Amino acid sequence: MHDINQVTIQGTLATDPEFRTHGDGRVTMRLLVKTYTEVSAGGTKVSRTDVLPVAIWGTDYDAMKRGDRVKVTGRIERQLWTGEGTPSRLSIVAYEIEHAE
């Protein structure tokens with residue numbers, strides 16, 4: 001049996017993308033995707049908003065801006081670090097990001 005770590009989300013960009021150039025010249029784009037979901041809580045439907053961090057390598061996505069609808073496909077990754085604050089968080093490392101309708 002093989003493990004599967006794949007996720008697809010569709011939502012709205014909560015902020016403009018942030019580009020970061022690394023020492024080796026490669027660029028990552030980081031963005032926040034806002035999703036709305038209705039969930040049942042004790043028989044009552046409740047609207048839930050999640051803001052999910054996403055990162056992707058490359059610069060082919062500079063036309064995206066806050067408020068755009070996007071579809072993201074990638075994997076969930078746990079990032080660990082030391083120091084103050086939260087020692088880890090989950091984020092999506094994207095394979096593909098495209099405009100959605």
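This is a predicted model: local features need pLDDT of at least 70, side-chain atom pairs count only at pLDDT 80 or more; totals for chains, interfaces and linings use all residues.
Residues are numbered from 1 along each chain as its sequence is written, and side-chain values use heavy atoms, without hydrogens or water. Local features need pLDDT of at least 70 and side-chain atom pairs count only at pLDDT 80 or more, whereas totals for chains, interfaces and linings use all residues.

The mean pLDDT (the predictor's confidence in each residue, from 0 to 100) of the protein is 89, and 96% of its residues reach 70 or more. Confidence is lowest in strand β2 (residues 18-21), at a mean of 90, and highest in strand β1 (residues 7-13), at 97. Strands are DSSP runs of E with at least two residues, numbered from the N terminus.

The largest nonpolar core holds 14 residues. Such a core is a set of buried Ala, Val, Leu, Ile, Met, Phe, Trp, Tyr and Cys residues joined through side-chain atoms within 4.5 Å; buried means under 20% relative accessible area, exposed over 50%, and partly exposed in between (1.4 Å probe, protein chains only). Two or more residues each come from β1, β3 (27-41), β4 (44-57), β5 (69-80) and β6 (88-99). V72 is among the core residues with the most contacts inside it.

There are five salt bridges, each a side-chain nitrogen of Lys or Arg within 4 Å of a carboxyl oxygen of Asp or Glu. One of them joins R26 and D24 at 2.9 Å, N to O; R26 is partly exposed at 45%, while D24 is exposed at 53%. Another links R20 with E18 at 2.8 Å.

Terms used:
Helices (H or I, at least four residues) and strands (E, at least two) are DSSP runs, numbered from the N terminus.
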